[in-house]
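Open the model in your viewer and keep the selection tool at hand. This tour says what to select next and what is there.

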Number of protein chains: 2
Amino acid sequence: MKKKTTIYDIAKELNITVSTVSRALSGFPAISDATRQLVVETAKRLNYSPNKLASALKSGKTFIVGVIVPSVEAHFFASIIHSIEEGLKDSGYRIILYQSKESLVNEVNGVRTLLEAQVDGIMASMSLETDDVSHFEEIIAQNKPLVLFDRVNKQLRVPTITLNDYQAGYMATQYLIDQGYKNIAFITTVHQIKIFNDRLKGYKDAIRDNKLPFSEDNIILGGLSIKDGRYGAAKLLRSENRPDAIVAGDDFTALGVIKKLKEIDETPPKIGVIGFANEAFSAYITPSLSTVDQHPGEMGKACAEMFLQMAGQLNPYDSIRNIVLEPTIVERQSTGNTDAKD
Amino acid sequence: MKKKTTIYDIAKELNITVSTVSRALSGFPAISDATRQLVVETAKRLNYSPNKLASALKSGKTFIVGVIVPSVEAHFFASIIHSIEEGLKDSGYRIILYQSKESLVNEVNGVRTLLEAQVDGIMASMSLETDDVSHFEEIIAQNKPLVLFDRVNKQLRVPTITLNDYQAGYMATQYLIDQGYKNIAFITTVHQIKIFNDRLKGYKDAIRDNKLPFSEDNIILGGLSIKDGRYGAAKLLRSENRPDAIVAGDDFTALGVIKKLKEIDETPPKIGVIGFANEAFSAYITPSLSTVDQHPGEMGKACAEMFLQMAGQLNPYDSIRNIVLEPTIVERQSTGNTDAKD
DNA sequence: ATGAAAGCGCTAACAC
DNA sequence: GTGTTAGCGCTTTCAT
């Protein structure tokens, strides 16, 4: 491997100094056009490639932002990452990805790793296990932008981009009621994550506002997965006060519910089912799954904008904004929408 | 923001020199246990966090490997990334992700960006547009490990991890023939990507080996997407020599095909359909989609191992191995498997 | 077992 | 408009 060309090589070649080269290359104004031209040409000729590491070490800016998500395998997060990249690319920032795999330990390591890599800021959506948030404090202490999205925590005084999850829970429930269902169950996670609690609260309020009877038996606390959906549905169906509709914590869980219902010939919309997230498969299963769209595209875009704004000011935490996006119901066959298109 | 602690602060605190601190922290053997202990303690007390940038600049190793994929939104690639991370984590390497979005320009930029970030190596799966591969040469020129997976190119003398795509095409076709289908069509991309050409070749050979008539009309060249699937199916159905089964270039395309077939009441397995990739939704649509499993988990694992092996030797390109994984047919309802479980 | 010192490639005062 | 120079935080060779 031949040694890589540095600005010193270019300087030597042209009998000028490195500062001139550096300035010419970085668009410094007070440089004669002739010199700049020459430098750029020579750089190209020598196949020069800047060492961003050295630049970052000196300037203190890496132009890399760390993104922590539970998993890229969930379409919702993949979508967000996609739009974060989109929103960031014009500004020269790049992303380094870290997956927590829903584990607090991994998340803590992720923050440390990213900080050691000297990222300019971090965007994160917390793992289901995350009860303690002190690992995030260090980012704030370093005065680097931290933007939390979707799965956030109110103990942290940082900007957040979230869905109106209370509204999402309320809307999903109200929508089922509007469709004529009267005894609505709710499957969610045991974990004390704000968004899931909010949704549950929305559900409860919708039940109450519509003067429907509320029963604790209608609330299933467990995990969120296809298996958990099956299991939750089975449990609800054994109940003497059998529900006629189910709100599932996410689309995977809803899928499990549908599987179970089909097996016992209660195929939705006989028993109504609605999920959350509008996953890639939700439109394509049979019956197609009604769901609450959480607008990952907008969320990612908002994250990027928020970060750029924070990165632009001396003190990123001067004015903390909490952006709340409104959810949308996607009406499909699992709640009786017969002309659902795909 | 208070200044961050460096090894100088630790050295000053203990009245020793930075070299000792550095050695103590990096597990250098010839250090007294007492000193090491003291250093570690002080580091902790002062809330020291190593600056990996500085370390990387000096040592020439960033312990970051760049991964370029068309998109994380495809479950196949998300899976691969997941297992690459898994395979790499014990070695201390981390991933920086770059999405080409199926664009050659983006891919070229990706390579440059990653190289400027001084990654220790790159793993890539090429975009559909990639016809010229010279941007990858630079990685090899720098003697850094380049591992190509899935969508590879034979012009590049680098290690590859691929599926036996010829076999995949052959198996899918043979499987349809075994199921009793006799006039089998094939929808694929116009792009001259090796894996798609190989599959097509497998398809043709299977047709020939089974002494079935071959017709150019049965081959649809277009894009790969739900829309392209619908379109391709529509075109095939208008043909006077209407096929009774369709091999679709990927599961999304197959989904489009199924949509179309359902509309005209030729719901699979009436006309058989098989896809490639075993996407997240494939098991859950109706009818469930038979597909060729490409084993992303194994592929990612192999990528990680290959990279680590290359990174471990002085000349990474001493012995170039090309690993070929064997595909597996997943039999579901779209080809007549009635007891397909979910 | 520890210290001294050079330098990785680049930036940015400060000079002129 | 260009040169000089001092680091950014760390590793590592060469001493001792």
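The stops below go from the interface to the sheets and then to a few single residues.

**Before you start.** This is a predicted model: local features need pLDDT of at least 70, side-chain atom pairs count only at pLDDT 80 or more, and totals for chains, interfaces and linings use all residues. Residues are numbered from 1 along each chain as its sequence is written, chains are lettered from A and ligands numbered from 1 in the order in which they are written, and side-chain values use heavy atoms, with hydrogens and water left out.

**Stop 1: the interface.** Select chain A and chain B together. The contact (heavy atoms within 4.5 Å) takes 50 residues from chain A and 50 residues from chain B. About 4600 Å² is buried between the two chains, and carbon and sulfur atoms give 55% of that area. Buried area is the accessible area (1.4 Å probe) that two parts lose on being put together, summed over both.

Now look for charged pairs. Six salt bridges link chain A and chain B. A salt bridge here is a side-chain nitrogen of Lys or Arg within 4 Å of a carboxyl oxygen of Asp or Glu. Select Lys101(A) and Glu85(B): they form a salt bridge, with the closest N and O atoms 3.9 Å apart.

There are also 15 residue pairs in polar contact between chain A and chain B, both residues at pLDDT 80 or more. A polar contact is a pair of N or O atoms within 3.5 Å; within protein, one must be able to donate a hydrogen and the other to accept it, and residues adjacent in sequence count only if both atoms are side-chain atoms.

Next, colour the chain A side by element. The elements that give two or more residues to this side include helix H4 (52–59), helix H5 (75–88) and strand E2 (94–99) of chain A. H5(A) gives the most, with seven residues. Helices (H or I, at least four residues) and strands (E, at least two) are DSSP runs, numbered from the N terminus.

**Stop 2: the sheet of chain A.** Six strands form an open sheet in the order E7-E6-E8-E9-E10-E12 (chain A), with mixed pairing. Two strands pair if DSSP finds at least two bridges between them. At the edges, strand E7 (219–222) and strand E12 (328–330) of chain A each pair on one side only. Go inside to E6 (184–189) and E8 (245–248) of chain A, which pair in the parallel sense over four bridges. Ala185(A) stands opposite Ile246(A) in E8(A).

**Stop 3: helix H9 of chain A.** Select residues 194–209 of chain A. This helix lies across E6, E7 and E9 (272–276) of chain A, running at about 170° to E6(A). Axes are lines fitted to C-alpha atoms, for helices over the stretch in contact, and angles run from 0 to 180 degrees between N-to-C directions. Within H9(A), Asp198(A) and Lys194(A) lie four residues apart, about one turn of the helix. They form a salt bridge, with the closest N and O atoms 2.8 Å apart.

**Stop 4: the ends of H4(A).** What caps the N-terminal end of H4(A)? Asn51(A) does: a side-chain oxygen lies 2.9 Å from the backbone nitrogen of Leu53(A). Just after H4(A), Gly60(A) takes a positive phi of about 80°.

**Stop 5: chain B.** Select E9 (272–276) and E10 (290–293) of chain B. They pair in the parallel sense over three bridges. Phe276(B) has Val292(B) in E10(B) as its bridge partner.
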